[in-house]
Amino acid sequence: MKASPAKRYRKPKYPDKLEVLEAPAILRDHVPSTWKRSMRVTGALAIFAGAQAGMLTGCISGAQGKHATAKHRSGMVAPIFMHGEGRGVTGCVVISPPVFLSEEEAAQVISETLAKAQITVSKQPYRISTAHFSEIDADIYSPKNKIAMEFVGMNDYFKMGGEPTNSSISSFDFQRVAVGLSNDASAKDVRIGIFYDPMTSTSEQSIDEARAQSKALLEAQVKDFIDWIKVQGTL
Amino acid sequence: MHFTLHLSSACNMKCDYCYAPPRDGAVMTETVGRRVMDMAAETNENSCGIVFFGGEPLLHKNLVHSLVEYGEHHPSGKPFHFKVTTNGVLLDDDFIAYAVRHGIVTALSLDGTAPAHDAHRRLANGMPSWDRVLPRLKALLTARPYSPVFTTVNPDTAPYLSDSVAFLMGLGVKYMIVSLNYAADWTDKTFRILEREYKKLAALYLQWTREERKFYFSPFEVKLSSHINRHCYQKERCELAKKQVSVDAGGFLYPCVQFASMGPDSAWCIGNVFDGINEAARTRIQQESMQEKAGCQDCALNARCNNTCGCLNWQTTGDLNTISPVLCRYEQMLMKTSDRIGEKLYRERNPQFLQKHYNEAYPYLSLIEDLEKGVIQAARMTNPE
């Protein structure tokens, strides 16, 4: 008998474990019917799902960044893909202030990253439902791909739950606010992506370099979201 | 790392494909067995794995009992876990009850239906063994439903493979480890038969998964895992003398089970239980077995292939790093078939497939379900002694 090595082999069209764990809703939404009939199993499943998300945050903290351990109400809201600290302080005695991205800068980064993946956006409005805040007008919406995105930046910080500081120094935690919004948001027929201002510090680089780094980190968040919607089968 | 104890080379069967044909000789002494367990406890592992192997290990039940007793009260306080691999002939109710009480995993060899099994697995007197072993398997499954069953496929038994696996599944076997007799004389014709059988098995795998039945069928599970867990799959692959060491009856150490019959004077002996592992010898064998396999460098499936099993390569080609054509074709066939299964089940978002292969907590969730349904009884999971 003779055998020869496989010169080519296409990548299988089912995901690897990291790809699925980046989109944990798929495990929550597809449960064997025998499990559904058992309260003990479904209870344990919920506990393990939380633990697994926690394990993952550590597991995938490499090149692909981390994702937050948010509880996603409907499986339609993506986890927060953590690229950039998203927190820092600014004010009178802070000698290395962070760089904030404007809504316009963020929208441009998001749109350009989506365009690279052949996702076209529309000016048509889309409102994201939330449990505790008023409805939010999504910053970016693609009716064709059924995705809507919100950027948590300085403009939205306080109205989305960011806590004001009563001193001459203001502290921000965009990442935490984004996770809170992710917990709060829900949608029925549109996948929601929530991004946050990476808030890069200027302590070791110029303002322009920090701004460029912030844009790169935001782009990484968007790319992870695109990967997530691919796993969901939306794209 | 676990230690495989070849209690003796004696066997009450005479399977013609056995890589270590039975012969009379020494039986491992309790002193040697205890010393192995001391060595296991001295490793940095949190738990110590001991496999009772042979020949046929149940020819030496008293030795098994005394070593299990020693492990359960080992001075180190380290937990030991035990496994026995048997042909089933001497697997009586008493031993099954004992294994359940002491948490000993009992794996049994059965090659499927009677024609497949009896073609090669004969008693020492040449008589068929299927009728003797089958009732023992049923008794074992009643006590331990997840007991592994080893099935070996030969060229002449390949036509029975899908029927054999369906038969085992019908018996209630949930954990099936199927492998080829790679050293047999496979031809293009017999391999085509094997491919046909695997197509049937793929259909059965899909059907059983859609029916939400719980089972493990090693050929497909391993290859699905080689893609799904591709980030850590390399670490799971066999490396000689790294994850297990075999100990012959005299207490000499070898890098894998197939080398244990080679004797202490062979190049494969890597020490003995009294002087410990000869690290230079072990390192030499490890490094030799980790070399790039000839002809595999440019293969697109190299990272997912079982070509790293030096023991298997040596058995089939006489060289740790030369792959047999049978292994190469089998691996390619398995990967293509398994990937088609994975793609189909993922496309339909099959819940059983997703949970089984992607959910880290699946074993625990499955256990909870089994406990609730009474498939496994909680009392059997504990050691009342």
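Biologist: In this predicted model, how many bridges join strand 4 of chain B to strand 5 of chain B?

Modeller: The model is predicted, and the values that follow are computed from it. Strand 4 of chain B covers residues 105–109 and strand 5 of chain B covers residues 148–153. One bridge pairs Ser109(B) with Phe150(B) in strand 5 of chain B. The two strands run parallel, and the number of bridges joining them is two.

Biologist: Which strands of chain B stand at the edges of the open sheet?

Modeller: The sheet in chain B is built from nine strands with mixed pairing, in the order 7-6-5-4-3-2-1-8-9.

Biologist: Is strand 3 of chain B mostly covered or mostly uncovered?

Modeller: Strand 3 of chain B comprises residues 80–86. A residue counts as buried when its relative accessible area is under 20%. Five of the seven residues in strand 3 of chain B are buried, and the strand is therefore described as mostly covered.

Biologist: What area do chain A and chain B bury between them?

Modeller: The contact draws 38 residues from chain A and 49 residues from chain B. On the chain A side, Met1(A), Tyr9(A) and Tyr14(A) supply 23% of the area buried against chain B, more than any other three residues. Carbon and sulfur atoms carry 62% of the area buried between the chains, and the total is about 3800 Å².

Biologist: Which helix of chain A gives the most to the side of chain A that touches chain B?

Modeller: The rule finds 20 residue pairs in polar contact across this interface. Several helices of chain A each supply at least two residues, among them helix 1 (17–22), helix 4 (39–59) and helix 7 (207–232). By class, this side of chain A has 21 nonpolar, eight polar and nine charged residues. With six residues, the helix that gives the most is helix 4 of chain A.

Biologist: With which side chain of chain A does the side chain of Glu369(B) make a polar contact?

Modeller: Glu369(B) lies in helix 14 (residues 362–373) of chain B and is buried, with a relative accessible area of 3%. Leaving aside neighbours within four places in sequence, Glu369(B) is in contact with Thr34(A), Trp35(A), Val41(A) and Lys214(B). The polar contact, at 3.1 Å, is with the side chain of Trp35(A).

Biologist: How many residues apart in sequence are the parts tied together by Glu219(A) and Lys116(A)?

Modeller: The side chains of Glu219(A) and Lys116(A) meet in a salt bridge at 3.3 Å, N to O. Lys116(A) is exposed, with a relative accessible area of 60%. Glu219(A) belongs to helix 7 of chain A and Lys116(A) to helix 5 (residues 103–116) of chain A, so the parts they tie together are apart in sequence by 103 residues.

Biologist: Are Asp339(B) and Arg304(B) buried or exposed?

Modeller: These side chains meet in a salt bridge at 3.0 Å, N to O. Asp339(B) lies in helix 12 (residues 325–347) of chain B and Arg304(B) in the loop between helix 10 (279–289) and helix 11 (310–317) of chain B, so the pair ties together parts 35 residues apart in sequence. Both Asp339(B) and Arg304(B) are buried.

Methods:
Residues are numbered from 1 along each chain as its sequence is written. Chains are lettered from A and ligands numbered from 1 in the order in which they are written. This is a predicted model: local features need pLDDT of at least 70, side-chain atom pairs count only at pLDDT 80 or more; totals for chains, interfaces and linings use all residues. Side-chain values use heavy atoms; hydrogens and water are left out. Contact means heavy atoms within 4.5 Å. Buried area is the accessible area (1.4 Å probe) that two parts lose on being put together, summed over both. A polar contact is a pair of N or O atoms within 3.5 Å; within protein, one must be able to donate a hydrogen and the other to accept it, and residues adjacent in sequence count only if both atoms are side-chain atoms. Helices (H or I, at least four residues) and strands (E, at least two) are DSSP runs, numbered from the N terminus. Ala, Val, Leu, Ile, Met, Phe, Trp, Tyr, Cys and Pro count as nonpolar, Asp, Glu, Lys and Arg as charged, and the others, Gly among them, as polar. Buried means under 20% relative accessible area, exposed over 50%, partly exposed in between (1.4 Å probe, protein chains only). Two strands pair if DSSP finds at least two bridges between them. A salt bridge is a side-chain nitrogen of Lys or Arg within 4 Å of a carboxyl oxygen of Asp or Glu.
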